[in-house]
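Here is a briefing on one protein chain. Please keep the sequence and the structure open while reading.

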Amino acid sequence: MSTENLNRDEALDKMKSMVKDIKTCMLVTDFGNKPLSAVPMTTKEVDKEGNIWFFSRLDSDHNGDIAKDNDVQLLFSDTSDMEFISIYGKASIETNEGVLKEFYGKMDDAWFDGVDDPNLTAIKVVPKEAYFWDNKQNKFVTFLKIGAAAVSGDKKGDIGEKGKLNL
């Protein structure tokens, strides 16, 4: 697996692409306590600056955690395409009506009583750093390449790329 450290614009494009493809992550908060608090979240949007947006309930534990300490880790994983990205960033709770209306969709009615639900908030994550693993092929091709490398003894086989993204 080759290592790739990208410049800021390339890093931002790589992060946006992977987050848009994978869509769902684990949001990790409350780093000071064990076990860590982790909840699944579905990305609403990755804006042009690279901020990642989610919806959340005002009274949720993770909103409370963010209010106390805004450090968060987002763990995106797509095992079918063998793509993974871990994003560290700073989160804020947003209640701006324009933001809520911009991102709200019919599927959100499963969790909220419409866009005017007083419990509806958005979480904005401003990424600071990320690390990715991208095998470029699907799982089957990756396993074939790993198998071939094991048989041949070639530990430098190209099964993908990884790298740090300074955002």
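Met82 sits in the loop between β6 (71-78) and β7 (83-94); helices (H or I, at least four residues) and strands (E, at least two) are DSSP runs, numbered from the N terminus. Met82 is not a glycine, yet its phi is positive, at about 55°. Is Met82 buried or exposed? Met82 is buried, with a relative accessible area of 13%. Buried means under 20% relative accessible area, exposed over 50%, and partly exposed in between (1.4 Å probe, protein chains only).

This is a predicted model, in which local features need pLDDT of at least 70 and side-chain atom pairs count only at pLDDT 80 or more, while totals for chains, interfaces and linings use all residues. Residues are numbered from 1 along each chain as its sequence is written, and side-chain values use heavy atoms, with hydrogens and water left out.

**Confidence**

- The mean pLDDT of the protein chain is 85, and 80% of its residues reach 70 or more; pLDDT is the predictor's confidence in each residue, from 0 to 100.

**Overall build**

- The protein chain holds four helices and nine strands.
- Read from the N terminus, the order of elements is β-α-β-β-β-β-α-β-β-α-β-α-β.
- Of the 167 residues in the protein chain, 40% are buried.
- Take the contacts between residues at least 6 apart in sequence: 71% of them join residues at least 24 apart.
- The accessible surface of the protein chain is about 9400 Å², and carbon and sulfur atoms account for 53% of that. Accessible areas come from the Shrake-Rupley method with a 1.4 Å probe; for residues, only the protein chains shown count as cover.

**Backbone points to check**

- Which peptide bond is cis, with omega near -5°? The bond from Lys34 to Pro35 is.
- Pro35 belongs to the loop between β2 (24-29) and β3 (37-42).
- Lys23 is a residue other than glycine with a positive phi, near 75°. The loop between α1 (8-22) and β2 holds Lys23.
- Lys23 counts as partly exposed, at 36% relative accessibility.

**Aromatic pairs**

- Rings of Phe, Tyr and Trp (its six-membered ring) pair if their centres lie within 6.5 Å; planes under 30 degrees apart count as stacked, over 60 as edge-to-face and the rest as tilted. The count by this rule is four aromatic pairs.
- One of the pairs is Trp53 with Phe103, which is tilted: 5.3 Å centre to centre, with 45° between the planes.
- Trp53 is in strand β5 (residues 52-57) and Phe103 is in helix α3 (residues 97-103), so this pair ties together parts 50 residues apart in sequence. Both Trp53 and Phe103 are buried.
- Phe55 and Phe112 make an edge-to-face pair, because their ring centres are 6.2 Å apart and their planes stand at 80°.
- Phe55 lies in strand β5 and Phe112 in the loop between α3 and β8 (120-134), so the pair links distant parts of the chain, 57 residues apart.
- Phe55 and Phe112 are buried. Phe55, Tyr104 and Phe112 form one aromatic cluster.

**Largest pocket**

- How big is the volume of the largest pocket? The volume is about 370 Å³.
- The lining has 16 residues, and the closest to the pocket centre are Pro40, Met41, Thr42, Phe55 and Trp111.
- β3 and β5 each supply at least two lining residues.
- On a 1 Å grid over the protein atoms alone, a pocket is an open set of points where a 1.4 Å probe fits, with protein on both sides within 12 Å along at least five of seven lines; lining residues have an atom within 4 Å of a point. Grid points are joined across faces, edges and corners, and a volume is the space filled by probe spheres set on the points.

**Two residues in detail**

- Pro40 lies in strand β3 and counts as exposed, at 58% relative accessibility.
- Pro40 and Thr24 are 16 residues apart in sequence and 6.9 Å apart in space, C-alpha to C-alpha.
- Leaving aside residues up to four places away in sequence, Pro40 touches Cys25 and Met26.
- Asn63 is placed in helix α2 (residues 61-68). Asn63 is buried, with a relative accessible area of 4%.
- Not counting residues up to four places away in sequence, Asn63 touches Ser56, Arg57, Leu58, Ile93, Thr121 and Ile123.

Note on methods
Contact = heavy atoms within 4.5 Å.
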